[in-house]
Amino acid sequence: MFENTAVLVLLGAGISLVTSAVVTALHARQIRRAELRSGTRSSARSLTSAFIAERDGNGDKIEFLRDAELTVMSMTDRKTRERLTAVVRLLREHELPEVEQLSGVGSGTAKRVLCDHALDVLGAHLRAERLPEVPSAMRKMLSVEEEALSIHSGEMPKPAAPIEKSSVTARPRHTGSTPAKSTTARKTTTKTTKGGAKPSGKTGGRTSTPASTEKESAFWDD
């Protein structure tokens, strides 16, 4: 088969075609990754400047939150995106009185802590390092967020359902009727026994008396 020139040409053409397709796919994938990486870095830089401006109080809060939320959605790294989404959400809610009372963190302190943490997350993302730990103040705000929003909207949290107790089978209670019946039965048995014993005694007495008389009469006859 390999001595045929046409077969060798077709085999070489197939190998070249497959190789070209694989190389093109890999190159396109690398280009797409480079574009995504470049876009993510650009988004991270813009978010960094926006968080610095928000921390220093030099920008419009509503516009900052809107732009920050849209920019965070374009982040490719899942962990970074989720962490920054939580920060933006808490920045939108940190001035609510319910959040301040339940978490014990003032609005000014919360704003500074959230912006600093966002900057730390963005710096770790740009350096390709591990994300920093969540601050304690932010953890408190996350833990009371749902309850605070429920109170703010007028919907009180639902109380926990009571624990249902299993049904207990009622045990029969002893009353005075049964012992009375048993006592009556015992008395009746006793009376019957005594009544039956008396006739036997009397009969025995009567039977023994004639026998002794007969013996005495026979003695005197002799």
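Is the crossing of H3 and H6 left-handed or right-handed? It's left-handed (the near helix is turned anticlockwise from the far one by less than a right angle; clockwise would be right-handed). This is a predicted model, where local features need pLDDT of at least 70, side-chain atom pairs count only at pLDDT 80 or more, and totals for chains, interfaces and linings use all residues. Residues are numbered from 1 along each chain as its sequence is written, and side-chain values use heavy atoms, with hydrogens and water left out.

**Helix H6 itself**
- H6 covers residues 136-152, and its end C-alpha atoms sit 23 Å apart, which agrees with the 24 Å that 17 residues should span at 1.5 Å a residue (1.5 Å times one less than the number of residues).
- Helices here are DSSP runs (H or I, at least four residues), numbered from the N terminus.
- There's a bend of about 50° at glutamate 145 (the angle between axes fitted to the seven residues ending there and the seven starting there).
- Just past H6, glycine 154 has a positive phi of about 90°.

**What H6 packs against**
- Among the buried residues of H6 are Met138, Met141 and Glu145 (buried means under 20% relative accessible area, 1.4 Å probe, protein chains only).
- The buried residues of H6 pack against H3 (78-93), H4 (97-103) and H5 (107-126).
- With H5, the angle is about 110° and the axes are 9 Å apart (axes are lines fitted to C-alpha atoms over the stretch in contact, and angles run from 0 to 180 degrees between N-to-C directions).
- H5 and H6 are therefore roughly perpendicular (65 to 115 degrees).

Notes:
Helices (H or I, at least four residues) and strands (E, at least two) are DSSP runs, numbered from the N terminus. Buried means under 20% relative accessible area, exposed over 50%, partly exposed in between (1.4 Å probe, protein chains only). Contact means heavy atoms within 4.5 Å. Angles under 35 degrees count as roughly parallel, over 145 as roughly antiparallel, 65 to 115 as roughly perpendicular and the rest as oblique.
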